[in-house]
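I opened the file to look up how the two sides meet. My entries follow.

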2 protein chains.
Amino acid sequence: MRSYGQYCGLARALDVVGERWTLLIVRELLDGPRRYGQLLEGLPGIPSNLLVDRLRRMEESGVVGRLDDGRYRLSPWGQGLHEAVYALGRWAGPLMAKPRGRDAFRSNWMRHMVIARFEGVDSRRRDLVVELRTGDDPLTLISAAGRVHLHQGPVADPDVVLAGPPESVVGLLLGRISQAEALGAGVHVTGRARLLAGLRPRGEAV
Amino acid sequence: MRSYGQYCGLARALDVVGERWTLLIVRELLDGPRRYGQLLEGLPGIPSNLLVDRLRRMEESGVVGRLDDGRYRLSPWGQGLHEAVYALGRWAGPLMAKPRGRDAFRSNWMRHMVIARFEGVDSRRRDLVVELRTGDDPLTLISAAGRVHLHQGPVADPDVVLAGPPESVVGLLLGRISQAEALGAGVHVTGRARLLAGLRPRGEAV
DNA sequence: CTGCATCCGGGCCGATACTG
DNA sequence: CAGTATCGGCCCGGATGCAG
């Protein structure tokens with residue numbers, strides 16, 4: 001990518017990670033080291049030549065390194081993109097309510113979306129276990145002692161189970177839509193959805 | 001910009017602000033409403049047709065609005081990009097040490113760079129007034145009661161004055177380089193530079 | 001003079017085919 | 001599985017035109 005040629009933190013950051021697809025590759029690598037094929041799988045739509053090109057550049061700039069087994073992983077500096085990636089994801093909150101028919105979906109993206117809204121400790125947060133079923137793998141949200149953890153797969157005896165299309169399950173979980181709207185959008189609720197308000201997610205940007 | 005077609009917060013954010021120049025336009029508008037000509041001035045290198053194109057798209061997506069006098073400004077939602085922009089700017093810290101000869105420079109960019117490292121309250125932060133002279137306008141950093149404010153222009157009787165090239169003045173201020181290195185790079189120091197350590201900037205990512 | 005609009009060459013992107 | 005190669009088209013960059 002052509003440099004912006006500006007002595008400014010944002011401009012220099014974008015010189016390195018501003019190209020198309022680059023931050024999405026970072027998103028995938030935030031989950032840990034990944035093989036080339038796993039990255040292709042996790043980035044539907046990316047042409048294979050672009051994926052290679054981006055990985056090469058990210059290696060050169062020191063954002064990405066490789067393990068002995070060939071897997072790609074973020075450098076410590078690259079891991080520092082966590083804050084920026086999550087800040088952008090949170091900012092997009094208002095865009096997430098509208099389903100857009102043909103969008104691809106992966107359950108680890110949902111994990112990030114949910115974690116981004118529940119980072120940090122909130123002493124007034126209620127203890128709760130919520131199972132999220134949408135598409136492939138179920139995901140379980142565990143709120144305890146003011147913190148929220150996410151667990152891949154189901155756990156025994158959740159307090160609430162939400163099943164249905166991603167944007168509505170997430171919408172109900174984060175309080176973007178009402179229970180009535182969620183039901184109308186095909187969400188199947190088991191347990192008392194009213195308890196969800198006790199999770200106290202971070203507010204949307206607008 | 002072509003959509004990534006992914007139901008993911010980051011991907012939808014980048015669908016809106018991921019195009020080249022868009023986040024730099026946001027950076028300029030974070031300083032308040034701006035005229036078209038001011039934006040051109042603050043974005044050296046941008047072609048005029050791209051600036052117009054980006055502004056139109058940002059209006060459509062609701063990131064930017066216009067005042068009665070024609071000036072562009074961020075919507076409340078657009079203002080929410082502050083966190084992401086600053087997170088990216090902080091992440092670029094390690095890139096800022098190296099000067100890159102021909103980079104453009106504006107003093108409001110330096111304001112952002114400095115503010116990004118001193119956001120929030122730190123009760124162990126020492127009270128201090130530092131004048132930064134680099135290029136055009138002087139800038140004064142005022143640390144008081146654990147908070148840091150920046151003031152355009154000089155104030156009477158600063159504790160420390162740093163004058164010289166931007167990357168070295170900022171480098172010394174943020175503790176990226178030693179006083180000896182700064183002097184070698186042409187920084188002129190008045191007052192006791194040792195006091196700068198008491199400002200306790202946020203650490204670099206790596 | 002400000003605030004754009006138009007035009008054009010080149011480079012980046014996207015899709016697919018191919019190889020070790 | 002992990003990339004290479006190729007090619008059409010779109011986006012970007014630089015220059016210029018032009019109306020209020």
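How many residue pairs in polar contact does the rule find across the interface of chain A and chain B? I looked this up in a predicted model, and the rule finds 26, with both residues of a pair at pLDDT 80 or more.

I then asked which helices of chain A contribute. Helix 1 (9–17), helix 2 (22–29), helix 5 (76–79), helix 6 (82–91), helix 7 (107–118) and helix 8 (166–173) of chain A each give at least two residues to the side that touches chain B. Helix 1 of chain A gives the most, with 9 residues. By type, I noted 36 nonpolar, 8 polar and 10 charged residues on the side of chain A that touches chain B.

Next came the salt bridges. The rule finds 4 across the interface of chain A and chain B. I looked at one of them: the side chains of Arg12(A) and Asp103(B) meet at 2.9 Å, N to O.

For the extent of the contact, I recorded 54 residues from chain A and 55 residues from chain B. The area buried between the two chains is about 4900 Å², and carbon and sulfur atoms give 67% of that area. Tyr7(A), Trp77(A) and Trp91(A) supply 20% of the area that chain A buries against chain B, more than any other three residues.

Last, I checked helix 9 of chain B, residues 166–173. This helix is mostly covered, with 8 of its 8 residues buried. Among the buried residues I noted Glu167(B), Val170(B) and Leu173(B). Gly175(B) follows helix 9 of chain B and has a positive phi, near 75 degrees.

Technical notes. Residues numbered from 1 in each chain as written. Chains lettered and ligands numbered in written order. Predicted model: local features only at pLDDT ≥ 70, side-chain atom pairs only at ≥ 80, totals over all residues. Heavy atoms only, no water. Contact = heavy atoms within 4.5 Å. Buried area = accessible area lost by both parts, 1.4 Å probe. Polar contact = N/O pair within 3.5 Å; in protein donor to acceptor, adjacent residues only side chain to side chain. Helix = DSSP H or I, 4+ residues; strand = E, 2+ residues; numbered from the N terminus. Nonpolar A, V, L, I, M, F, W, Y, C, P; charged D, E, K, R; others polar. Buried < 20%, exposed > 50% of the residue type's maximum accessible area, 1.4 Å probe, protein only.
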